[in-house]
Amino acid sequence: MTPAAFDPASEPIIALRGASKSYGAVRALRDGTLELRAGEVRGLIGENGAGKSTLVKVLGGVVRRDDGEMLANGESVDFHSPHDARDAGIAVIYQEPTLFPDLSIAENVVMGYHPRGALGRIDRRTMHRQVHGLLDRLGVPLDSDRPVRGLSIADQQIVEIAKALSFDARVLIMDEPTAALSGPEVERLFAVVRALQEQGAAILFISHRLDEIQAICGTVTVMRDGAVVHDAPIGDMTPDDMVRRMVGRELGALFPKQDARIGEPVLKVHRLTREGVFVDVSFEVRAGEIVALAGLVGAGRSEVARAIFGIDRADAGHVEISGTRLPAGRPLAAMRAGIAFVPEDRRLQGLVMDLSIARNATLTRMRALTRLGLIRAGAENRLARDWAERLRLRYHRLEDPVGFLSGGNQQKVVLAKWLATEPKLLILDEPTRGIDVGTKAEVHRLMSELAGRGLAVLMISSELPEVLGMADRVLVMREGLLTGELSREEADEERVIRAATGVGAAA
Amino acid sequence: MTAVAVEGARARRLTEWVLRVRELGIVAALALLITVTAILEPRFIEANSLRNLALNASIFAILAVGQTLVIITRNVDLSVGSILGLSAFLAGDLLSGNQDMALPLVFLLGIGLGAACGLLNGVLVTWGQVPALVVTLGTLYAFRGLAFLWTDGRQVNAETLPDSFLNIGSDSIAGIPILVLIALVIVVLVGQWLRDYRPGRELYAIGSNPEGARLAGVRSDRRVLVAFILAGALAGLGGVLFTARFGTVDATAGTGYELTVIAAAVVGGVAIFGGTGTVYGAALGALLLGTITSSLIVLRVEAFWQQAAIGALLLVAIALDKLVAVRIEAALRRRRSARRAD
């Protein structure tokens, strides 16, 4: 398990200094500073949204940095495309699937760099031999001639890895390569990584599983809020240190959860299971209570919410609202029973961007607003204005398309739309993602107010401060299982992260 | 390892079977169509009649090859009919003005004009980031309008064209019409390029997963641009051949060809969402569509039914493709769970 010796004083193969990248108003990367030397395996850790993937994309030539410097072997470089990065010997395994479903596994691996024979023709025999060799090294018996369509997520991941290994990379960057792999497959990948390391490659390894970081990495870089905040040999850091560095933020007064009288259970989830996604999830949410569902991306939180609301059908278990059992897989029945669901992606699932603010806000009450099948504009505007005021919506005219509003105000319109149905249970999936700090506080104030009036709230959030600040109770999920339940008093960042990553026993 | 080998062989057989059956299906449909028509009207299989069949299909096949290149990248080129019109009139106009003009030069100019039109399409699609459907719908009208402006109501007639040129449209070498030979050469050249060369394979990658192709380091914009230029150039070549074959050209030459050509590609197994299909299939599709039209004419079926028959063929082809795709996917998934269970 000891990392092979490498010279920490050697010239870095690739170095990034003070790189930044903004998407519109969001600064995804503020200070990306990283050095990768021959023969080192470096772990990169950080919370969701800490800027890891953006840093990877800068190194891979997918996005161009706004500022800062990139050096390859000490010389300043600038990648204009993934092609440039590849020519510089950088191989990247991205989180997003990048495979071609219609083409064979072999072609997926060598795309753009097919081995060529006479007259520049593709040498298929050599191609299949090479890819076969790669798959053998990874210990996965896949037929290189079959199309990628229909492969399991794990096998697709193997193909992605084979793709990155297919050329003589001097730098290998892996953005959560193990997320979909089983134990033996992870072991094989590690063996390959160690072999590459001995050959003098530099490896950047991103994972949420701290035990993997400890098993494979020699040094660790920690990112937080778009900046690299710590950099140390693995021996100098315990998992607890890593967690602390990843979080390391003061909880301000941003989260004004008022004490509310907790009443009767509104939602009861009984042993809900969806094959391959989550297993045996049971919990309840009471009137006036805000329950947070915490965990890493991909832990199955959103999927549980979708199953409660009936968008996805659960394979086993059931959901009760105020003692009445809901039929499975029927969102309309869930709505009638009093569930409101604010999805994660409001642009795609929550709003009709080209329709007016008023129309969007009243969409769920359409039936009550029509007479003889025609919408009464007056009633529509009255209802919309009423909600706009209660939510302190900032808008120019109610007739404007909802796409004109800022992210935070769009979120308020989604809330208005659902609150107009007078629900008993409000499910919020990442309610403040991509919202500026000021509006964020308003959304939090609103949630607290609603709970104070006896609404039961189930909130999914990947932002720990939000979870700890708002929730009366925190449920933690890991890999489809409910792994922790913490009261407001018990819950702190370390405990939540431990339950979410499975490091150590939950205290 | 033996289990893997066995599984590999099975998978290979499956994919090969699917690829072959797709084109064999068209061949079978062709054979059936010709047999039935021949029984009802024996003159249909006389040498002259079959020769005409092949001649008519040739120009469509050349255009279908270009269209296939574009469709594989998840784009479409609706302007090929208009490009053909422009280049057809260019060839006619040049030769009726100067009978002694070198024919290779005429071909070069026609192909060049088409390539320039394709370049415009490609630039708007890649750099302009406008969907190909919209860009080429616009240039369909723009190029046609240009043809009307340029011809100014004139028409080129066969009498004003040199015989050496018109012979290209009607002569044969070793019993095979020159036009058919040209089409065959193009189909085979482009077919091999798509199958055995990196840029060709990259077109499939782009159509199969555009973002993935970019991440894999494929220079997508450049490749898509090349596909549009080639489609334009082939339409330009088709225009010169159109003039050589028919002799009479005005501003409306090639009107509506784009839809026939896209239909030919789709019938030939080129998926409209990109990523799959071959030019062989597309060329066979063009031949099948041409044969249907001819056989319905020979059988004196009304024009309306001719259109309906082509429409029906298109729907049947798409339905069959969908069915086969669903079957294959199910088969692949079954195999996967079998492996996982080991």
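Close-up 1. Welcome to a predicted model, in which local features need pLDDT of at least 70, side-chain atom pairs count only at pLDDT 80 or more, and totals for chains, interfaces and linings use all residues. Residues are numbered from 1 along each chain as its sequence is written, while chains are lettered from A and ligands numbered from 1 in the order in which they are written. Strand S5 covers residues 75-76 and pairs with S4(A) in the antiparallel sense over 2 bridges. Strands here are DSSP runs of E with at least two residues, helices are runs of H or I with at least four, and both are numbered from the N terminus; two strands pair if DSSP finds at least two bridges between them. The hairpin has 2 residues between its strands, and Asn73(A) takes a positive phi near 50 degrees there. Strand S4 (residues 67-72) is also joined to strand S1 (residues 14-23) of chain A by 5 bridges, and these two run antiparallel. In that pairing, look for Leu16(A) opposite Met70(A).

**Close-up 2. Two aspartates of chain A with positive phi.** Asp225(A) is not a glycine, yet its phi is positive at about 50 degrees. You will find Asp225(A) in the loop between strand S9 (219-224) and strand S10 (227-233) of chain A. Asp280(A) has a positive phi near 55 degrees, but its place is in strand S12 (residues 278-286) of chain A. Asp280(A) has 13 C-beta neighbours inside 10 Å and so counts as partly exposed.

Close-up 3. Thr178(A) is buried, with 21 other C-beta atoms within 10 Å. Which residues does Thr178(A) contact, leaving aside its neighbours within four places in sequence? They are Val186(A), Leu189(A), Ser207(A), Arg209(A) and Glu212(A), where a contact means that two C-beta atoms, placed from the backbone, lie within 7 Å. Glu198(A) is 20 residues from Thr178(A) along the chain, and their C-alpha atoms are separated by 21 Å.

**Close-up 4. An open sheet of 4 strands in chain A.** Follow the strands in the order S12-S11-S14-S15, with antiparallel pairing. S12 and strand S15 (324-325) are the edge strands, each pairing on one side only. Strand S11 (residues 265-274) and strand S14 (residues 316-321) of chain A share 5 bridges, and His270(A) has His318(A) as its bridge partner in S14(A). Helix H9 (residues 301-309) of chain A lies across S11, S12 and S14, running at about 110 degrees to S11(A). Angles run from 0 to 180 degrees between N-to-C directions, and axes are lines fitted to C-alpha atoms, for helices over the stretch in contact.

**Close-up 5. An open sheet of 6 strands in chain A, with mixed pairing.** Its order is S16-S19-S20-S13-S21-S22. The edges are strand S16 (339-342) and strand S22 (481-487), each of which pairs on one side only. Direction ignored, neighbouring strands are turned by 20 degrees against each other on average. Strand S13 (residues 290-295) and strand S20 (residues 456-460) of chain A pair in the parallel sense over 4 bridges, with Ala292(A) opposite Met459(A). H9(A) packs on this sheet too, touching S13, S16, strand S19 (425-429), S20 and strand S21 (473-478), and its direction makes about 145 degrees with that of S19(A). Helix H18 (residues 493-501) of chain A lies across S13, S21 and S22, running at about 30 degrees to S21(A).

**Close-up 6. The side of chain B that touches chain A.** Here 28 residues of chain B are in contact with 27 residues of chain A. Helix H1 (2-40), helix H8 (198-208), helix H9 (210-215) and helix H13 (303-341) of chain B each supply at least two residues of this side. By class, the side of chain B has 9 nonpolar, 8 polar and 11 charged residues; Ala, Val, Leu, Ile, Met, Phe, Trp, Tyr, Cys and Pro count as nonpolar, Asp, Glu, Lys and Arg as charged, and the others, Gly among them, as polar.

Conventions: Buried ≥ 20, exposed ≤ 12 C-beta atoms within 10 Å, placed from the backbone.
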